[in-house]
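Subject: Structure handover

Hello,

Here is the structure for your files. My notes on it follow below.

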Amino acid sequence: MTSQLKIFITGATGYVGGGVLARLLKHKDSETFSITALARSPEKAEKLKTLGVNVILGSYSDADLSFLTNEAARSDVVFAIADSDQLPATQAILKGLKIKFENSGKAPILIHTSGAALLSDDARGMTSDRTIYNDLDAEKINAFPETVFHRNVDIPIVEADKEGYIKSYIIIPGAIYGRPSPNPVVDLGIQNTVSLVQNFMIKPAIARKQGGYFGKGLNYWSYVSVDDTADLFLVLFDSIRRSPENPGHGTEGYYFATCFSLSGIELAGIISEVLFESGYGISKEPSPFTQEEILQIYGSGPLWTFLAANLDAESNRSRALGWNPKGTKAHFFADIREQIKALQADLVQ
């Protein structure tokens with residue numbers, strides 16, 4: 001009898017992680033998997049158990065993270081899909097994976113979730129003259145210093161791969177949008193189903209009754225749907241299992257998840273249009289945020305400078321694995337319309 005593949009997943013009820021867990025549960029080889037999920041509450045833990053998932057209770061913010069070390073030490077594969085900026089949690093997982101390697105002689109797999117914020121510049125909405133990063137160009141990514149968003153966590157992961165005790169794969173999504181497709185985790189009411197990124201632009205627009213943008217609105221972001229993002233995790237997982245030496249790992253192990261790019265003024269424009277069509281907005285056309293508005297809504301930084309940055313990338317390495325994202329601008333605009341309607345109902349009484 002073939003031994004079961006031991007999988008540990010963090011962020012299993014999160015916006016992306018819930019979809020990854022659901023895909024693992026319906027995988028054609030799911031009967032050969034032993035899945036353990038991290039849950040932050042007893043209520044979610046009990047519901048996850050009904051899906052046949054083993055559960056440990058805890059959070060990345062706990063003072064004692066030994067539970068992460070202990071579970072990683074038992075795991076062949078770790079999907080880290082919780083907070084991408086918690087270095088102590090990542091160090092605890094790496095410690096456990098090193099124990100796994102020392103006990104088995106085989107490097108376990110870590111599929112970690114980072115974020116495209118590491119690609120951001122200081123455009124402040126004033127220029128679309130930007131670097132469009134490519135996940136095949138690992139040299140540029142590896143050159144980013146520890147001071148760049150997410151790199152304080154990504155670098156130790158890559159270093160662990162260099163040491164040989166793990167094989168690391170880092171998935172880097174653009175701005176994620178959309179509601180997850182129905183799945184068992186959604187059906188249980190425990191998966192987060194709402195993107196927070198676009199709300200940074202939608203909520204202020206509702207308050208000012210008009211879409212807003214930074215500078216000239218010329219900065220571009222890459223976008224990807226939540227379902228396409230979850231799909232990439234499984235495409236990568238299957239590629240590693242099918243041909244362990246082929247998918248790049250470590251210094252070559254970056255996988256972007258992006259579908260299309262959109263300028264700040266385009267996003268502000270669709271928000272303005274929807275608000276105006278509903279009879280609430282004051283104009284179909286968006287307008288730039290004043291400096292006073294920026295300070296009042298976003299503070300002095302770094303949130304607004306991040307939102308006003310160029311953050312653009314192409315997913316050539318991911319697509320070479322067979323990842324075929326379905327998200328389009330039309331899909332995104334339809335989702336934005338639904339988000340605005342829902343937020344208007346909540347915010348405008």
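Lys209 is partly exposed, at 35% relative accessibility. The cut-offs: buried is under 20% relative accessible area, exposed is over 50%, and partly exposed is in between (1.4 Å probe, protein chains only). Lys209 is not a glycine, yet its phi is positive, near 65°. It sits in the loop between helix H8 (199-208) and strand E9 (212-213). Helices (H or I, at least four residues) and strands (E, at least two) are DSSP runs, numbered from the N terminus.

This is a predicted model: local features need pLDDT of at least 70, side-chain atom pairs count only at pLDDT 80 or more, and totals for chains, interfaces and linings use all residues. Residues are numbered from 1 along each chain as its sequence is written, and side-chain values use heavy atoms, without hydrogens and water.

His150 also has a positive phi, about 75°, and is not a glycine. Its loop runs between helix H5 (138-142) and helix H6 (151-163). His150 counts as buried because its relative accessibility is 10%.

Now the sheet. Seven strands form an open sheet with parallel pairing, in the order E3-E2-E1-E4-E5-E7-E11. Strand E3 (54-57) and strand E11 (254-257) are the edges, each pairing on one side only. The twist from one strand to the next averages 20°. Two strands pair if DSSP finds at least two bridges between them. Strand E7 (residues 167-173) pairs with E11 in the parallel sense over 4 bridges. Pro173 has Ala257 in E11 as its bridge partner.

Best wishes

Note on methods:
Axes fitted to C-alpha atoms, helices over the stretch in contact; angles between N-to-C directions.
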